[in-house]
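Q: I would like to learn how to read helix packing, chain contacts and salt bridges from coordinates. Please take the features in turn.

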Amino acid sequence: MTRFYLDVHALQTVPPSNLNRDDTGAPKSAVYGGVPRARVSSQAWKKATRDYFKAESLLDPSELGVRTKKVVEVLADYIRDADPSQGQADALKLAAEVIVATGLKIEAPKRKTSAKEAAAEDDAAEPVPQSKYLMFLSARQLDGLARLAIEGAADIKAFLKDKDNKARAKQIADTRHSVDIALFGRMVADSADINVDAAVQVAHAISVHRVENESDYFTAVDDHNKDTEPGAGMIGTVDFNSATLYRYAALGVHQLAANLGEGLRDDESRTTPVRRAVEAFVRGFTGSLPTGKINTFGHHTLPDAVIVKLRTTRPISFVAAFEEPVRGNQGGHVSEASARLAEYIPDIERAYGNDDSTLTWVLRVGPNTQKLAAIGTETASINELITSIGQAVAERLEKPA
Amino acid sequence: MSVLTLRLAGPLQSWGASARFTRRTTESAPTKSGVIGMLAAASGIERDDDEALAKLGALRFGVRIDQPGTRVRDFQTAHHGVTGTSMPLSERFYLADAVFVAALEGDRALLTTLHASLRAPVFPPFLGRRSCPPAHPVDLGLYDDVSLHQALTDEPWQAAPWYRRQHHRDATVSLVVLRESHEDEHDADFQRDQPLSFAAEHRRHALRTVVSRTVDIPNPAAAPWHPRHDPFEALEESA
């Protein structure tokens with residue numbers, strides 16, 4: 001398939017906040033261009049994107065994965081759904097055998113140490129084995145494994161001893177990944193051959209300007225304090241900063257297509273799952289926000305500007321436009337940051353890009369981002385942006401390689 | 001011999017050679033396994049294709065430290081997807097604000113292919129960790145009939161403008177070059193970053209020689225040389 005990448009760039013301002021903190025409670029930071037910057041780690045924003053998929057119901061549950069150690073129990077439920085004649089105990093046994101056949105190691109969870117809990121557990125049935133690590137399986141994979149288990153239900157051990165059947169189990173666990181696995185990857189420490197390499201690369205977000213963390217000293221009054229000289233009921237500090245962040249992610253659409261494999265539903269066209277995944281990713285990445293201390297600071301903001309490029313050559317981050325920190329002398333950073341990008345993007349595209357095959361869209365808010373209007377096709381809303389991207393992706397996918 | 005040079009620069013990079021378990025450290029310069037991994041990924045070599053990797057591993061590798069950067073520690077938490085209980089905490093180390101020139105010496109045809117695949121990569125390049133995309137396209141140049149050391153001496157200083165300005169008094173800067181040794185060089189250290197296999201089940205690395213040299217590179221930001229102020233000159237005249 002033709003290789004192509006989707007680059008997503010965003011400028012987003014957050015007011016005093018602490019989106020992503022380190023072990024001392026201070027907002028994460030980095031150094032760039034010789035000055036300290038605010039930083040939000042890539043893993044924090046990937047988590048926010050995944051949560052957004054669920055919160056906004058961007059994807060059908062069947063397109064998402066479940067991440068659990070209790071794979072045996074989950075698969076047993078699928079088996080019983082597919083074949084209600086199976087008893088719970090039989091379903092668990094079938095599930096355990098099939099999971100082992102995929103190459104995943106499972107073990108009985110350790111007994112609780114306290115005497116009370118141990119006594120309680122003695123009354124309960126044998127503990128159900130769990131995988132040693134969190135296992136990320138798609139609904140389609142669980143469906144497939146359940147069907148395989150039922151096929152061999154008569155004598156599951158003998159059935160899975162057959163090399164072909166065992167290979168089928170492994171293959172089911174290794175194809176038709178859920179959208180979130182296809183995007184963000186899967187790591188299974190004890191069965192590395194069913195790992196999935198993520199199709200998306202998310203950079204740490206960094207501020208376009210110099211940022212020093214600040215500390216908020218607070219006191220809280222005890223309403224029931226009747227002392228003649230009432231002091232504070234509690235004192236403390238919260239670290240925070242405010243920043244205009246440059247955010248960047250690159251999505252290998254060809255890799256996403258390979259990870260997703262065949263259509264999610266048989267009646268869909270080949271490109272539908274890829275298109276849906278791309279649309280969900282762009283919407284999720286632009287709209288989501290790490291929720292660290294969100295009730296303390298209420299930092300609910302959305303990007304001031306989003307630039308999306310669809311290209312057949314290498315992905316290009318524009319972070320170097322901000323290596324020299326934005327000074328913001330005229331108040332605010334968005335205007336100067338937009339001017340920087342408006343100058344930098346055509347320059348780097350001329351030097352390294354391929355204008356003939358690259359499509360560019362811009363979604364922007366307010367007069368501060370005016371300079372970005374000429375960078376690409378302007379879209380009026382996030383919906384229009386995502387529809388245009390989805391269409392272009394589908395067209396490119398359908399074009400013969 | 002031909003040499004392919006790369007510019008490795010970005011807000012964050014991380015090059016682990018001996019990182020284990022929850023403490024993921026970084027070396028102070030790019031590792032051979034990291035750079036070869038990037039080239040292998042760009043040309044679409046699958047993780048378990050040890051044969052194709054061996055050809056890349058046979059290239060001689062060197063790196064020049066153009067802007068050393070600073071070390072940043074990142075603290076990461078993870079939570080169980082279902083029960084919400086916390087998973088082991090991990091520490092990751094990054095080099096912030098660093099710039100390197102990496103060079104690979106070997107067969108021209110192979111280097112030409114690698115050079116081309118960096119322009120249209122199958123898997124996107126990253127600086128040691130996926131969350132660290134490069135700030136510019138990484139390919140610098142492909143040179144013929146030049147040695148690894150010569151290429152690392154000829155390549156102009158790639159440091160950022162602000163960093164060059166800090167050294168404006170120096171007409172040349174001394175940069176450290178870490179490269180594989182020749183047979184007649186006996187002061188080599190060893191580093192375990194010679195990639196043998198990137199297979200997900202079992203990554204394997206062998207020891208590789210590393211010699212440390214310095215090279216003098218012109219500073220394009222050097223200010224004109226001001227004559228040294230000597231208060232005794234005046235005394236000599238009056239005597």
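A: A crossing is left-handed if the near helix is turned anticlockwise from the far one by less than a right angle, and right-handed if clockwise. Helices (H or I, at least four residues) and strands (E, at least two) are DSSP runs, numbered from the N terminus. Helix 5 of chain A and helix 7 of chain A cross in the left-handed sense. This is a predicted model, in which local features need pLDDT of at least 70 and side-chain atom pairs pLDDT 80 or more, while totals for chains, interfaces and linings use all residues. Residues are numbered from 1 along each chain as its sequence is written, chains are lettered from A and ligands numbered from 1 in the order in which they are written, and side-chain values use heavy atoms, with hydrogens and water left out.

Q: At what angle do helix 5 and helix 7 of chain A pack?

A: Axes are lines fitted to C-alpha atoms, for helices over the stretch in contact, and angles run from 0 to 180 degrees between N-to-C directions. Under 35 degrees counts as roughly parallel, over 145 as roughly antiparallel, 65 to 115 as roughly perpendicular and the rest as oblique. Helix 5 (residues 139-151) and helix 7 (residues 163-174) of chain A pack at about 165°, with axes 8 Å apart. Helix 5 of chain A is therefore roughly antiparallel to helix 7 of chain A.

Q: How does the packing of helix 9 with helix 10 of chain A read?

A: Helix 9 (residues 253-260) and helix 10 (residues 272-287) of chain A have axes 9 Å apart and an angle of about 125°. Helix 9 of chain A is therefore oblique to helix 10 of chain A. The crossing of helix 9 and helix 10 of chain A is right-handed. Contact means heavy atoms within 4.5 Å; among the residues making it are A:Leu256 of helix 9 and A:Val274 of helix 10 of chain A.

Q: How much area do chain B and chain A bury between them?

A: Buried area is the accessible area (1.4 Å probe) that two parts lose on being put together, summed over both. For chain B and chain A the value is about 3500 Å², with 55% on carbon and sulfur atoms. In chain B, the most area is lost by B:Phe75, B:Arg130 and B:Pro137, together 16% of what that side buries.

Q: How many salt bridges does the count between chain B and chain A give?

A: A salt bridge is a side-chain nitrogen of Lys or Arg within 4 Å of a carboxyl oxygen of Asp or Glu. Between chain B and chain A the count is six. B:Arg47 pairs with A:Asp197 in a salt bridge, the closest N and O atoms being 2.8 Å apart.
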